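Let's take a friendly walk through this structure, going from packed helices to paired strands and then to charged side chains. Have the view open beside you as you read.

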Amino acid sequence: MLMSVLFANSSGNVLLERFHSVPGEERLHWRSFLVKLGTDNLNGARDDELFVASHKSVYIVYTVIGDIWVFTVGKDEYDELTLVEVLHAITSSVKDICKKAPSERVFLDKYGKVCLGLDEIFSQGILEHTDKDRVRRLTRLRPLVE
Amino acid sequence: MSNTDIVSKLYEIVFGILDKVADAGKVRKKKGMFGRQSVDKESALRSNLQYVALSALRRLPLDQGNPAFLHRAVQGIACADPVGVRHALAMVSEMAVRDPYGVAMAVGKLSLAGGALQEVLHIQDVMSRMYLARLCYILSRARGIDERMDLRSQFTTLLYQLLLDPSERVCFEAITCILGKFDSHESSEERAAGWALLTSAILKFPDPSAQPSKDSSATQGSDGSTASNDSVAKFPKDRPAPRPRRPQPLIRLVMRRLESALRSHLRPVLHAAMRIVQEIGKSRAAAFALGMVINEDSVPENLIENGDIIKADSEVDGGDPAAEVSRTKVVPLPSSLAANSRESIASMLSNLVEGVRTTVACECFYVRAAAIKAMMWMQSPEESVEELKSTIAGELSDPLWPASLLNEILLTLHARFKATPEMAIILLDVSRLFATKAPGKIDSDVLQLLWKTCLIGCGPSGKHTALEAVTVVLDLPPPAPDALEVSVLKDHSSTSDPKAAVALQRLTQAAVWFLGENANYAAAEYAWESKTPPGTALMMLDGDKMVAAASSRNPTLAGALTRLQRCAFSGSWEVRIVAAQALITIAIRSGEPYRLQVYEFLRALAKGGVQEKLKEAYVSNGEDQGASGTGLSSIIAPMLQVLDEMYKAQDQLIKDMRQHDNAKQEWSDDELRRLYENHERLLDLVSLFCFVPRSKYLPLGPTSAGLLNIYRNRHHIDATTGFNDPAVATGIADLQVSTVTRIEYPPIQIDAAVPSPSDGLVDGIWSSNLAGVDRVNAYLGGVGTDAPEVEDDTATTRASVSYDDMWAKTLLEASDGEDADEQLSGSSSPESTASFETSVSSQFGSSRYPSLFGNTTSFGQNTRWEEEHRPGTRFGKFSGELTSLAEDQPSYVESSPANAPLHGTHWQSGIGNQEPLHSPSSEVPSRPSDVQYPEEARAGKALYEFTAGGDDELNLTAGEDLEIEYEVDGWYFVRKKRPGRDGKLSGLVPVLYVTS
């Protein structure tokens with residue numbers, strides 16, 4: 001189960017978040033936990049450098065691209081390595097949409113497209129497409145194969 | 001239309017689509033203009049539709065018994081779209097859990113050479129291959145499949161082949177499957193069988209002539225995964241295709257793979273590899289525990305599979321130097337491994353552990369924690385524990401470790417103990433490191449539970465060591481304020497130091513309490529099973545001789561007493577109180593001369609004489625010592641009184657007995673009654689301080705047993721209930737005919753019945769009533785998706801964090817706590833658990849999320865609200881405690897003396913009284929005026945339509961009936977009678993939108 005995907009800027013403000021089967025009152029804890037992980041580790045990290053964390057049986061993999069922090073949280077079959085796949089799909093798609101590793105401004109400019117892309121990458125806690133070309137086709141409402 | 005109707009309608013639609021497109025097969029390509037390839041429109045459309053339909057089907061609830069569902073899912077494995085294949089495999093593997101045989105039959109055809117399952121090996125999608133591993137594992141162990149050996153071997157071969165997968169994810173999934181870990185419900189038999197399989201099974205490659213390109217493309221499949229970029233193990237792929245691949249023992253493949261993963265620079269890969277090593281350790285421990293004999297010194301080539309000795313292969317291996325050379329060339333292995341292809345399992349494992357040990361140097365705490373856990377699991381009972389200890393000690397001296405991770409490691413110790421109880425001593429040794437190196441960070445309840453379980457698990461010989469591990473906590477110096485500043489960042493030390501001091505104090509209290517409660521058990525010394533012959537006690541009045549005699553007879557108990565005595569006058573105030581309580585517990589439970597020793601000590605303590613004597617050794621902690629010098633006289637006075645009464649009554653009894661003997665006079669009924677009443681009164685008094693088995697305990701000394709038995713039999717008084725029995729109180733018991741089974745005091749036993757640490761007893765611990773039990777059980781059960789708690793106050797959180805969220809959270813916690821209380825109140829005093837809950841929340845409430853509120857103390861006040869809504873737990877407690885404890889006693893009476901230490905009330909119960917005095921949250925008692933505390937739900941009505949602006953808000957339709965639960969900051973938290981259109985039942989709405 002992919003529990004959460006969260007984007008934050010480098011000062012720890014949440015820009016975009018998706019939760020699945022996380023009760024409302026726990027989301028706050030996740031937010032602050034993830035943001036704390038980011039402040040502790042992501043300052044000075046390279047682009048696409050992968051970080052890992054875990055909490056009980058939940059795994060967290062996160063990275064930074066440009067000014068944006070990206071966190072993925074999963075459990076069960078979505079362990080660290082699957083989350084690496086998810087994260088890779090997300091970052092490559094975001095870079096595809098923003099043309100490069102995004103600054104916060106560019107990210108917010110392309111916010112809508114990023115949201116559309118995320119909807120193709122996962123939905124209801126299940127990973128869908130990992131290939132950025134497929135994601136791009138689908139966000140433009142093109143069929144996968146034609 | 002009901003939900004089921006809708007779902008069945010949806011199934012119908014999806015099946016309808018699949019019916020039209022499922023036989024699409026591969027997307028056909030055709031040559032277009034100018035030589036460009038284009039795809040066939042028709043087949044592309046079909047493939048797209050099939051993918052979409054499978055994706056939809058995956059999100060519908062699994063229809064287990066429906067053959068159409070299974071058929072469509074299995075058909076989907078041949079889908080042209082890789083994501084479609086993934087969904088199909090996910091569904092099939094989920095269904096296979098429930099009905100392995102049916103699924104195996106349905107999938108059987110696909111698993112044959114050239115079938116769709118084989119093709120999945122080539123699909124780029126990592127998750128499809130992962131689900132394939134799962135599916136193969138489940139199907140290969142299906143019960144009914146035994147008569148189809150061909151099918152089973154197909155599935156196992158596929159599973160083993162996945163060990164060579166370029167992606168770590170797939171390979172690790174295959175390893176965990178082989179190890180028998182499928183979900184959290186696996187049994188230790190399965191795990192043990194998994195270890196046996198891993199060490200003995202051999203991967204035989206399918207005949208390459210049937211599938212010429214299979215192996216090479218399987219290993220070459222360069223998918224876009226980052227995980228496989230650098231760390232792909234380069235297994236022999238450049239070998240000419242016609243040459244049959246040499247069968248490989250699984251254990252070697254796995255070890256190589258793990259070693260290459262351990263050299264990865266990617267943290268997730270390292271973390272995952274550590275987890276896999278843990279799993280290997282778990283399965284190995286399970287095999288040990290079940291007594292499975294696996295010769296780890298054997299060389300894998302010579303192992304046996306299905307009764308055939310793979311002799312030919314090992315000959316090929318040995319006799320073909322060319323193959324040997326080519327292998328060492330392509331496989332990047334440490335020289336030790338590559339040079340010696342015939343190494344034993346044990347040496348492979350030690351190589352692996354060495355790799356794990358180097359991983360501890362990783363800078364990521366989570367990876368390090370996983371590595372330590374892996375080392376704990378790989379530790380076997382026979383090996384030396386020194387390396388593990390030194391690694392952990394080195395790690396723990398790093399002050400930056402987050403507390404939550406350390407506690408998880410501590411919980412791993414629990415899990416390790418559960419797997420191999422023989423390791424109790426080793427584990428206690430390790431836990432001692434936690435207590436000494438990081439006392440401020442670990443959860444004292446979890447540590448205490450570990451002490452307790454290990455104490456019981458370590459057998460009679462290890463009890464002394466077990467108690468030593470606890471007492472070491474008492475020797476810890478208080479955390480010096482300067483110590484941390486030197487080593488770490490300034491802001492860290494300034495905040496963590498007082499916290500560490502408080503936590504250390506809690507830990508010390510816990511240790512002292514534990515010592516008092518369990519010393520008698522560990523020393524196997526009970527007053528009611530005393531080795532001292534009756535009557536000798538009063539003759540040994542010389543204090544020095546007494547101590548010498550006591551320590552020579554029972555060094556464990558004497559050692560515990562010495563530590564406690566030191567704590568009773570040199571610890572902080574709270575520790576001294578607990579120490580005094582621990583001492584009286586030991587005094588009451590032990591026979592002479594220990595009782596007298598404690599009596600003398602307490603008397604001296606009350607008078608302050610000890611302090612005078614030890615003035616030069618006394619370290620003041622800045623508290624007012626009070627007139628007595630120790631400030632304990634008010635606590636000690638009632639204890640001394642009880643002991644005084646006991647000794648007085650014993651003296652009186654001896655005097656009376658002599659008189660009767662001299663006068664050759666029988667004891668009259670009246671005299672006996674007075675004696676018995678005295679006995680009962682003392683028993684009640686003693687029970688105020690600690691638990692003693694009422695049916696065995698003799699406050700009047702062992703000599704009274706005979707006389708009491710006479711009176712009891714005459715009046716048919718049950719030993720366990722005494723005068724509390726209504727039949728006795730009303731005199732009905734006297735009317736009974738004396739054919740009732742006579743309960744007598746047992747004769748004084750000379751042999752101390754030490755319980756053997758049987759499984760039943762160990763299991764009993766887990767159900768006993770302690771705060772740590774829930775946490776440990778939750779950990780062992782593998783649950784824990786709840787949100788983590790941010791413990792440090794350096795976190796910057798986003799501004800939108802609202803008070804309402806926190807409020808909802810505290811409400812939830814409060815109700816959880818009450819539920820827990822209801823569950824827990826079964827065996828021990830409910831009073832103690834209640835006071836534990838509140839004291840914990842009041843202690844940590846204010847420090848939990850300090851950053852969210854800056855300087856406000858609102859969260860702390862929420863927890864105060866919890867306290868106030870527990871009538872009598874806190875304020876009425878001091879006076880009520882004695883009586884309530886006495887009332888609780890009847891629930892203990894059935895327990896045997898061996899279980900006595902397990903049933904003791906929680907140590908917090910004793911010191912809960914003074915808790916509010918030093919808990920940080922209670923220092924600011926004022927509340928914010930705009931928060932109204934919920935008394936009961938009020939009825940209300942929605943005035944206007946309201947659209948929720950956030951997750952925690954609730955949509956309203958004008959005129960709706962509501963229940964108002966509480967008000968906060970101009971918002972009502974309301975509950976609807978029935979869920980609204982959005983399905984939400986409760987949430988926040990503005991006050992003005994609701995009439996109340």
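## Helices side by side

In chain B, B:Leu583, B:Ile584, B:Ala587 and B:Ile588 of helix 29 of chain B meet B:Arg595, B:Val598, B:Phe601 and B:Leu602 of helix 30 of chain B. Contact here means heavy atoms within 4.5 Å. By class, this contact has seven nonpolar, no polar and one charged residues. Ala, Val, Leu, Ile, Met, Phe, Trp, Tyr, Cys and Pro count as nonpolar, Asp, Glu, Lys and Arg as charged, and the others, Gly among them, as polar.

Before going on, please note that this is a predicted model: local features need pLDDT of at least 70, side-chain atom pairs count only at pLDDT 80 or more, and totals for chains, interfaces and linings use all residues. Residues are numbered from 1 along each chain as its sequence is written, chains are lettered from A and ligands numbered from 1 in the order in which they are written, and side-chain values use heavy atoms, with hydrogens and water left out.

Two packed helices are described by the angle between their axes and the distance between the axes. Axes are lines fitted to C-alpha atoms, for helices over the stretch in contact, and angles run from 0 to 180 degrees between N-to-C directions. Helices (H or I, at least four residues) and strands (E, at least two) are DSSP runs, numbered from the N terminus.

| Helix pair | Axis distance | Angle |
|---|---|---|
| Helix 29 (residues 573-589) of chain B and helix 30 (residues 594-607) of chain B | 8 Å apart | about 145 degrees |
| Helix 14 (residues 267-289) of chain B and helix 18 (residues 345-359) of chain B | within 11 Å | roughly 140 degrees |
| Helix 2 (residues 80-98) of chain A and helix 14 of chain B | within 8 Å | roughly 155 degrees |

## Strands in sheets

Strands of a sheet pair through backbone hydrogen bonds, either parallel or antiparallel. In chain A, five strands form an open sheet in the order 2-1-5-4-3, with antiparallel pairing. Two strands pair if DSSP finds at least two bridges between them. At the edges are strand 2 (14-19) and strand 3 (51-55) of chain A, each pairing on one side only. The twist averages 15 degrees from one strand to the next. Strand 1 (residues 2-9) and strand 2 of chain A are joined over five bridges, and A:Phe7 has A:Leu16 in strand 2 as its bridge partner.

Chain B has an open sheet of five strands too, in the order 10-9-8-7-11 and antiparallel. Four bridges join strand 7 (residues 938-942) to strand 8 (residues 961-968) of chain B. Among the bridge partners, B:Ala939 has B:Glu963, and B:Lys941 has B:Asp961. Strand 8 of chain B is also joined to strand 9 (residues 971-976) of chain B, by six bridges. These two form a hairpin with two residues between them, and B:Asp969 in the turn has a positive phi of about 55 degrees.

## Charged partners

How many salt bridges does the structure hold over all chains? The total is 38. A salt bridge is a side-chain nitrogen of Lys or Arg within 4 Å of a carboxyl oxygen of Asp or Glu. One of them joins B:Glu408 and B:Lys373 (3.2 Å, N to O). B:Glu408 lies in helix 21 (residues 403-419) of chain B and B:Lys373 in helix 19 (residues 365-378) of chain B, so the pair ties together parts that are 35 residues apart in sequence.
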